[in-house]
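Work through the exercises below with the sequence and the 3D view side by side. Try each task before you read its solution.

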Amino acid sequence: MVKAVFPGSFDPPTYGHLNIIERARGIFEELYVVVAVNREKSYLFSPDERLSLLKDLLKGYPNVSVHLCDTLIVDFARKYGCRVLLRGVRSVPDFSYEFELSVMNKGLDPAIETFIMPTDPRYFVLRSSAIKELVAFNGDVSGMVPPSVAMALKGRISR
Ligand code: ADP
């Protein structure tokens, strides 16, 4: 019975994120989806907006909960008794980044393990940053994000 944390920016949540959550919720006893607040980065949606988009998308999943975190992710994981940090990867560059991050997190708390889940091939080109750019040029993102996210994006950045 293992609990896992799935941290990210989710600016905004995409079908790629949801696919990882959908697959992981059948493996872990509980999945904590965590909007990691990084004050150094600038985002399109506020932490509360990302939290509420995710809460709405995941409300049908009894073992999935959504949280905000403005501390180190390993501290969050320890606090909630989660032994696994889950990360999704789309590509080899993603993997090298995630690998380095996992070594750093292991150094912070050796009891917490990083699990890396490769994307479903349908979603390997989905990137929150590219989706935002597409919306700015009125591109169709209906195959990339759920309708609620597409609406929020249009409201925020359509020309
Ligand atoms: P970050 O703060 O690292 O930019 P993101 O919000 O982009 O986080 O993503 C959160 C997690 O979801 C990361 O592990 C990221 O690699 C993964 N992820 C993002 N998009 C996809 C996708 N299309 N398929 C699989 N995993 C993804």
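Buried means under 20% relative accessible area, exposed means over 50%, and partly exposed lies in between (1.4 Å probe, protein chains only). Helices are DSSP runs of H or I with at least four residues, strands are runs of E with at least two, and both are numbered from the N terminus. The model is predicted: local features need pLDDT of at least 70, side-chain atom pairs count only at pLDDT 80 or more, and totals for chains, interfaces and linings use all residues. Residues are numbered from 1 along each chain as its sequence is written, and side-chain values use heavy atoms, with hydrogens and water left out.

**Exercise 1.** Find out why helix 1 is largely enclosed by the rest of the structure.

*Solution.* Start with the buried residues of helix 1: Gly-16, His-17, Leu-18, Asn-19, Ile-20, Ile-21 and Ala-24. Helix 1 is largely enclosed because 7 of its 10 residues are buried.

**Exercise 2.** Describe the shell around the ligand.

*Solution.* Step one: 16 residues surround the ligand (a heavy atom within 4 Å). Ser-9, Phe-10, Arg-87, Gly-88 and Thr-119 are the closest. Step two: strand 1 (3-8), helix 1 (15-24) and strand 4 (84-89) each give two or more residues to this shell.

**Exercise 3.** Which polar atoms lie 2.8 Å from the ligand?

*Solution.* Look for polar contacts (N or O pairs within 3.5 Å). A polar backbone atom of Phe-10 is 2.8 Å from a ligand oxygen. A polar side-chain atom of Thr-119 is 2.8 Å from a ligand nitrogen.

Note on methods. A polar contact is a pair of N or O atoms within 3.5 Å; within protein, one must be able to donate a hydrogen and the other to accept it, and residues adjacent in sequence count only if both atoms are side-chain atoms.
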